[in-house]
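Subject: Structure for you to look at

Hello,

Here is the structure I said I would pass on. Please open it next to this email, and read on for what was found in it.

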Amino acid sequence: MTTSANPLRRSRQHRMIAGVCGGLAAWLGWDVTLVRVLYVAVSLLSAAFPGLLAYLILWILMPQE
């Protein structure tokens, strides 16, 4: 059984700011819009999840495609 790992990278094609959500969507195999909506919903509804800080960290750490 051969599996090719899809690396986690920022998307150039599906980007609104830095391509973080687009890269996460490609890595998970989900729709980009679904990832964006879930990310915003979790960021707004949870005081324990600092959405902006997490986005900035992912922007810095994730390499671009």
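**The largest pocket**

The largest pocket has a volume of about 270 Å³. Bear in mind that the model is a predicted one. Which residues sit closest to the centre of the pocket? Of the 17 residues that line it, these are Ile-17, Cys-21, Tyr-39, Val-40 and Tyr-55. By class, the lining has ten nonpolar, five polar and two charged residues.

The lining draws on several elements: H1, helix H2 (32-45) and H3 each supply at least two residues. The largest share comes from H3, with five residues.

**The chain as a whole**

How many helices and strands does the protein chain have? There are three helices and zero strands. Read from the N terminus, the order of elements is α-α-α. Along its principal axes, the C-alpha trace spans about 40 × 25 × 20 Å.

**H1 and H3**

Helix H1 covers residues 20-28 and helix H3 covers residues 51-61. Their axes come within 10 Å and cross at roughly 75°. Angles from 65 to 115 degrees count as roughly perpendicular, and H1 and H3 are therefore roughly perpendicular to each other. On the H1 side, the contact is made by Val-20, Cys-21 and Leu-24. On the H3 side, the residues are Tyr-55, Leu-58 and Trp-59. Sorted by class, this contact has six nonpolar residues, no polar ones and no charged ones.

**H1 and H2**

The axes of H1 and H2 come within 8 Å and cross at roughly 120°. That angle makes H1 oblique to H2. The crossing of the two helices is right-handed. Which residues make the contact? H1 contributes Cys-21, Gly-22, Leu-24 and Ala-25, while H2 contributes Val-32, Val-35, Arg-36 and Tyr-39. By class, the contact of H1 with H2 has six nonpolar residues, one polar and one charged.

Regards

Key
Residues numbered from 1 in each chain as written. Predicted model: local features only at pLDDT ≥ 70, side-chain atom pairs only at ≥ 80, totals over all residues. Heavy atoms only, no water. Axes fitted to C-alpha atoms, helices over the stretch in contact; angles between N-to-C directions. Helix = DSSP H or I, 4+ residues; strand = E, 2+ residues; numbered from the N terminus. Parallel < 35°, antiparallel > 145°, perpendicular 65-115°, else oblique. Contact = heavy atoms within 4.5 Å. Nonpolar A, V, L, I, M, F, W, Y, C, P; charged D, E, K, R; others polar. 1 Å grid on protein atoms, 1.4 Å probe; cavity = no way out; pocket = protein on both sides within 12 Å on 5 of 7 lines; lining within 4 Å. Points joined across faces, edges and corners; volume = space filled by probe spheres on them. Left-handed = near helix turned anticlockwise from the far one by under 90°.
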